[in-house]
Amino acid sequence: MDPLLQLAEILDPVALCDYIGKKTRYGKKCDHSFKHAQAFLKEYPSADWDQVRPLLESLGAHCDCEIGFNVCTRTDELPEEVEERYGYTSGS
Ligand SMILES: [Zn+2]
């Protein structure tokens, strides 16, 4: 299974990207840790960081700014069922 879809099972990737984008200004403030991603995870008590981290890494994201580059650039690939689950639309 695509790690992006697995990630979407655990949390809303678009909300994560929104959060990371605001916190890092897409890379400018990244200190090459996952601190913002981990802070975001606190809003998802059901989400386990130990489960999320390997998914991010398999998507090529090893810190907050790489989530921006390697995960957030792909959120428009998410299937409709994910969009429905989290209640947003891709703008179509
Ligand atoms: Zn970084």
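Axes are lines fitted to C-alpha atoms, for helices over the stretch in contact, and the angles between them run from 0 to 180 degrees between N-to-C directions. Helices (H or I, at least four residues) are DSSP runs, numbered from the N terminus. The structure is a predicted model, in which local features need pLDDT of at least 70 and side-chain atom pairs count only at pLDDT 80 or more, while totals for chains, interfaces and linings use all residues. Residues are numbered from 1 along each chain as its sequence is written.

**Helix 1 against helix 4**

The axes of helix 1 and helix 4 come within 9 Å and cross at roughly 150 degrees. The two helices are therefore roughly antiparallel to each other, a term that applies to angles over 145 degrees. Their crossing is left-handed, meaning that the near helix is turned anticlockwise from the far one by less than a right angle. Residues count as in contact if their C-beta atoms, placed from the backbone, lie within 7 Å, and on the side of helix 1 the meeting residues are Pro3, Gln6, Leu7 and Ile10, which face Gln51, Val52, Leu55 and Ser58 of helix 4. By class, this contact has five nonpolar, three polar and no charged residues, where Ala, Val, Leu, Ile, Met, Phe, Trp, Tyr, Cys and Pro count as nonpolar, Asp, Glu, Lys and Arg as charged, and the others, Gly among them, as polar.

A residue is called buried if 20 or more other C-beta atoms lie within 10 Å of its own, exposed if 12 or fewer do, and partly exposed in between, with C-beta atoms placed from the backbone. In helix 4, which spans residues 49-58, the buried residues are Val52, Leu55 and Leu56. Seen down the axis of helix 4, these buried residues fall within an arc of 100 degrees, so they line one face of the helix; the arc is that of the directions from the helix axis to the C-beta atoms. They pack against helix 1 (3-10), helix 3 (35-41) and helix 5 (64-70). The face of helix 4 turned away from its buried side carries the exposed residues Asp50 and Pro54. Helix 4 is followed by Gly60, whose phi is positive, near 90 degrees.

Which residues are buried in helix 1? They are Leu4, Leu7 and Ala8, and they cover an arc of only 100 degrees around the axis, which puts them on the same side of helix 1. Their packing partners are helix 2, helix 4 and helix 6 (80-86).

Leu56, which lies in helix 4, has 24 C-beta neighbours inside 10 Å and counts as buried. Leaving aside its neighbours within four places in sequence, Leu56 is in contact with Ala61, Ile67 and Val71.

Cys17 lies in helix 2, residues 13-24, and with 19 C-beta neighbours inside 10 Å it counts as partly exposed. If residues up to four places away in sequence are not counted, Cys17 touches Val71, Cys72 and Thr75.

The loop between helix 2 and helix 3 holds Asp31, which is exposed, with 10 other C-beta atoms within 10 Å. His32 has its place in the loop between helix 2 and helix 3, and with 10 C-beta neighbours inside 10 Å His32 counts as exposed. The phi of His32 is near 60 degrees, a positive value in a residue other than glycine. Pro79 is found in the loop between helix 5 and helix 6 and is exposed, with 12 other C-beta atoms within 10 Å.

**Separations in sequence and in space**

The table sets out residue pairs by their separation along the chain and between their C-alpha atoms.

| Pair | Separation in sequence | C-alpha to C-alpha distance |
|---|---|---|
| Cys17 and Cys65 | 48 residues | 9.9 Å |
| Asp31 and Tyr86 | 55 residues | 29 Å |
| Pro79 and Leu5 | 74 residues | 8.5 Å |
| Leu56 and Leu4 | 52 residues | 8.1 Å |

Conventions. Contact = placed C-beta atoms within 7 Å. Parallel < 35°, antiparallel > 145°, perpendicular 65-115°, else oblique.
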